[in-house]
Amino acid sequence: MALMKLFGAKPQEKVDMIPILTEGPNVNGKEDKEPVEDEKDDTKRIITITWGTGMPIDVIFNFIHKNFEEEGFQDALVNSDITYRDAKERIIRNDLEMLFKRIILKYKSDIRIVSVKIENAQKALALAAASDMAALRETYEEHLAEIQEMQLQLEANDPKMTTMIESYRRGFLKGITANAVNFINNK
């Protein structure tokens, strides 16, 4: 503080980050910032709204909710063979399965690292740090269980896990229809 006064600099104001729950995920992956007037004084604060957990499981959710409709449409314009569509759907499904494997490995690695840190913190009698890390490990374990549940749902072809395939199929069918209409109109 004294150094700031000496050099004439003003101390920066602290901006409170207030978590706010709203209806849906931020699809573009960026944070929404909205100025909010403070009742105490007439300055504006920025409230940051973030979605998801900020952890690897979010990558899976983003992939599942990815819209492949345009890609399906474009593919049908190039090659309207149904076997091509089926092969592409298998590729999308395999990509999700590989994503599951990669993220499971990441969580297992993180659990091992956090477990070692918990042991070290307990040996050093840093119990608060150990309990914080134990909570983080529990979160990782919950995410791992959720991913394993998602894998079972994918194997059972649960519609919640195949939305990206359905969007591709819908786009592909629209592309076939556009090809047929174009063919009829050019006759």
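In helix α5, the buried residues are A130, M133, A134, Y140, H143, L144, I147, M150, Q153 and L154. Here buried means under 20% relative accessible area, exposed means over 50%, and partly exposed lies in between, with a 1.4 Å probe and protein chains only. The model before you is predicted, so local features need pLDDT of at least 70 and side-chain atom pairs count only at pLDDT 80 or more, while totals for chains, interfaces and linings use all residues. Residues are numbered from 1 along each chain as its sequence is written, and side-chain values use heavy atoms, with hydrogens and water left out.

Let me stay with α5. This helix has 29 residues, and its first and last C-alpha atoms lie 42 Å apart, close to the 42 Å expected at 1.5 Å a residue. The expected span of a helix is 1.5 Å times one less than its number of residues. Helices are DSSP runs of H or I with at least four residues, strands are DSSP runs of E with at least two, and both are numbered from the N terminus. The buried residues of α5 pack against α2 and α4.

One of these residues deserves attention. H143 sits in α5, which covers residues 127-155. Is H143 buried or exposed? With a relative accessible area of 10%, H143 is buried. Leaving aside neighbours within four places in sequence, H143 is in contact with T53, M55, I57 and Y107. Contact means heavy atoms within 4.5 Å.

I turn now to α2. Its buried residues are I57, D58, I60, F63 and I64. The cover over these residues includes α4, α5 and α6.

How do α2 and α4 pack? Their axes are 9 Å apart, at an angle of about 170°. Such axes are lines fitted to C-alpha atoms, for helices over the stretch in contact, and the angles run from 0 to 180 degrees between N-to-C directions. The two helices, α2 and α4, are therefore roughly antiparallel to each other. Angles over 145 degrees count as roughly antiparallel, under 35 as roughly parallel, 65 to 115 as roughly perpendicular, and the rest as oblique. On the α2 side, I57, V59, I60, F63 and I64 take part; they meet I92, D95, L96, L99, F100, I103 and Y107 of α4. The residues of this contact divide into 11 nonpolar, no polar and 1 charged. In this division, Ala, Val, Leu, Ile, Met, Phe, Trp, Tyr, Cys and Pro count as nonpolar, Asp, Glu, Lys and Arg as charged, and the others, Gly among them, as polar.

Further along α4 we find R112. This arginine, R112, is exposed, with a relative accessible area of 54%. The C-alpha atoms of R112 and R137 are separated by 8.9 Å, although the two residues are 25 residues apart along the chain.

Next, the loops. Most residues other than glycine have a negative phi. L125, in the loop between α4 and α5, has a positive phi near 60°. Its relative accessible area of 67% makes L125 exposed. Just after α5, N157 also takes a positive phi, of about 55°. N157 belongs to the loop between α5 and α6, and at 47% relative accessibility N157 counts as partly exposed.

Between R170 and G72, 98 residues apart along the chain, the C-alpha separation is 7.3 Å.

Finally, the chain as a whole. Its secondary structure comes to 6 helices and 2 strands, and from the N terminus on the elements run α-β-β-α-α-α-α-α. Of its 187 residues, 28% count as buried. Among contacts with a separation of 6 or more, 72% are between residues 24 or more positions apart. The chain exposes about 13600 Å², of which carbon and sulfur atoms supply 56%. Accessible areas come from the Shrake-Rupley method with a 1.4 Å probe, and for residues only the protein chains shown count as cover.
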